[in-house]
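Thank you all for making time this morning.

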Amino acid sequence: MAGVDYLERIPNNVNLRDDRRLLRALEEWQPRFLDWWKEMGPEGFQANEVYLRTAISVDRDGWAQFGYVKMPDYRWGIFLAEPEADRRVAFGDHLGKPAWPEVPGEYRGVLRRLIVTQGDTEPASVEQQRHLGRTCPSLYDLRNLFQVNVEEGRHLWAMVYLLHAYFGRDGREEAEALLQRRSGDHDKPRILGAFNERTPDWLSFFMFCFFTDRDGKYQLASLQESGLDPLSRTCRFMLTEEAHHMFVGEMGVGRIVQKSCELMRQHRSDDVRRHGGIDLPTMQRYINFHYSVSLDLFGSEVSTNAANAFTMGLKGRFEETKKADDHRLADATYPVTCLEGDRIATRDVPALTALNERLRDDYIADCQRGIDRWNRTIKEHGIDVELRLPHRGFHRAIGSFGEARISPDGRVITEAEWDARRREWLPTPEDAQFVATLMRPAVEPGRFAGWIAPPARGINGLPLDHEYVRLTRKEG
Ligand code: BYC
């Protein structure tokens with residue numbers, strides 16, 4: 001592998017052994033990370049062997065190795081994608097200059113804030129998902145949950161490495177604080193809204209992986225364009241892991257949709273709940289919730305923070321280098337849909353300030369592709385229902401729509417209409433209670449809970465009844 005040292009206490013491909021100061025600092029952080037993992041990581045199962053994928057190489061062909069690992073023994077480490085020869089800053093004021101191997105002094109504060117915000121989401125998601133193991137719908141799904149969890153742990157390592165290596169004492173303090181904040185905690189919550197929501201059941205988990213992890217894809221893709229080369233290389237490698245999380249989400253929701261359709265056909269009834277499935281209107285309400293809280297993660301429609309990060313060369317656009325324009329956005333405009341008074345309007349604003357919205361647009365188009373695939377499944381069953389993404393202004397807390405009530409079909413509505421209809425649009429306590437009744441563990445190899453269809457194939461070519469998590473200790 002491209003220089004990964006697996007014999008070290010902290011596996012890495014950044015020659016950690018040559019930098020004694022950094023090595024010592026990270027070795028001091030490591031036991032505190034493990035304490036956090038034991039306290040806030042998956043509840044139970046820490047002594048069980050899990051069939052996990054571990055990164056052993058950062059090159060295209062061979063970075064994944066599968067094998068049984070107990071989660072606390074997972075080889076969390078520091079992996080950066082291979083450097084690109086003669087990489088240049090691809091946008092902003094420094095366009096065309098060599099990418100920076102170190103943090104430019106004047107951008108320290110802004111970069112630190114971006115890295116901390118990114119880093120904070122990783123342990124947050126592990127905390128949100130920590131109770132799910134007890135109610136897994138199959139060993140296959142249980143293993144996927146744990147795969148996602150250990151990789152989010154590694155993504156925390158990725159950001160902590162940058163903080164320790166490039167931000168001195170401030171960075172070390174931030175790395176500590178990443179282990180101190182807690183998802184949903186009243187006094188020390190996680191930074192971004194969606195990461196303080198609860199993930200109480202597997203329907204929420206799959207929705208989270210589909211919608212919220214997808215924000216991760218777009219944010220990491222923008223940071224991958226960064227002029228700060230170590231940040232770019234870090235994010236490039238993280239993206240390869242992120243893809244699996246979105247796969248878990250899309251397939252998970254897709255399998256629930258499939259099962260619901262099968263039950264509807266089998267019983268010639270829309271009343272799927274009676275037959276132990278999750279009805280499509282409930283699925284729609286969960287989509288509405290997870291999509292809207294994830295849209296908030298892109299920030300305000302018009303943002304000087306985003307403009308500055310771009311101009312400084314710190315955070316680019318999605319696929320910046322593939323875009324055919326001046327990469328400075330000096331005179332460009334971009335259409336932004338906002339609340340104007342009591343109506344929704346689209347107007348052109350300076351493209352620099354619209355970068356959050358532009359990224360949100362890329363994200364929305366990507367979400368729609370998933371919805372289309374789920375709708376194809378519904379159609380194949382001859383069922384006349386379509387799942388939809390609600391209007392971008394629906395149920396928003398951040399940005400211009402945060403000030404108003406917008407219906408899923410994009411009307412500005414009164415507080416009274418909102419109160420009267422929110423139960424149609426967002427998961428109700430009764431929905432959550434119903435979904436909770438389905439959350440009974442299915443842990444025999446090959447068995448799947450009745451509300452979700454089995455996947456098309458197993459992991460790494462193995463059959464569906466493989467023992468992906470060894471729940472009983474094998475003697476000898
Ligand atoms: N909640 O100009 P504004 C992932 C704050 S997910 C709370 O509108 P800006 C993952 C904002 O911080 C990807 N606060 O927005 C997924 C600012 O506060 P200050 C995570 C919010 O700064 C699943 C103020 O409002 N990565 O990887 O242009 C599992 C005005 O900000 C929120 C990143 O986010 C919110 N939703 O953009 C595991 C990338 N939104 O500074 C992992 C790094 C905004 O005035 N972060 N605010 O106190 C960023 O690029 C930017 O910070 C944001 C916001 C895109 C989040």
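This is a predicted model: local features need pLDDT of at least 70, side-chain atom pairs count only at pLDDT 80 or more; totals for chains, interfaces and linings use all residues.

Residues are numbered from 1 along each chain as its sequence is written, and side-chain values use heavy atoms, with hydrogens and water left out.

Strand β1 covers residues 49–55, a strand being a DSSP run of E with at least two residues, and a helix a run of H or I with at least four, both numbered from the N terminus. Six of its seven residues are buried, so β1 is largely enclosed by the rest of the structure; buried means under 20% relative accessible area, with a 1.4 Å probe and protein chains only. Strands count as paired if DSSP finds at least two bridges between them, and β1 is joined to the antiparallel strand β2, residues 64–70, by seven, with R53 facing F66 as its bridge partner. Strand β7, residues 469–470, also pairs with β1 in the antiparallel sense, over two bridges, and there V50 stands opposite V469.

Finally, S292 lies in helix α7, residues 280–295, and counts as buried because its relative accessibility is 1%. Its side chain reaches the backbone oxygen of N288 at 2.8 Å.That leaves the pair of helices: the axes of α3, residues 139–166, and α6, residues 229–267, come within 10 Å, axes being lines fitted to C-alpha atoms over the stretch in contact.

Technical notes:
Buried means under 20% relative accessible area, exposed over 50%, partly exposed in between (1.4 Å probe, protein chains only). Axes are lines fitted to C-alpha atoms, for helices over the stretch in contact, and angles run from 0 to 180 degrees between N-to-C directions. A polar contact is a pair of N or O atoms within 3.5 Å; within protein, one must be able to donate a hydrogen and the other to accept it, and residues adjacent in sequence count only if both atoms are side-chain atoms.
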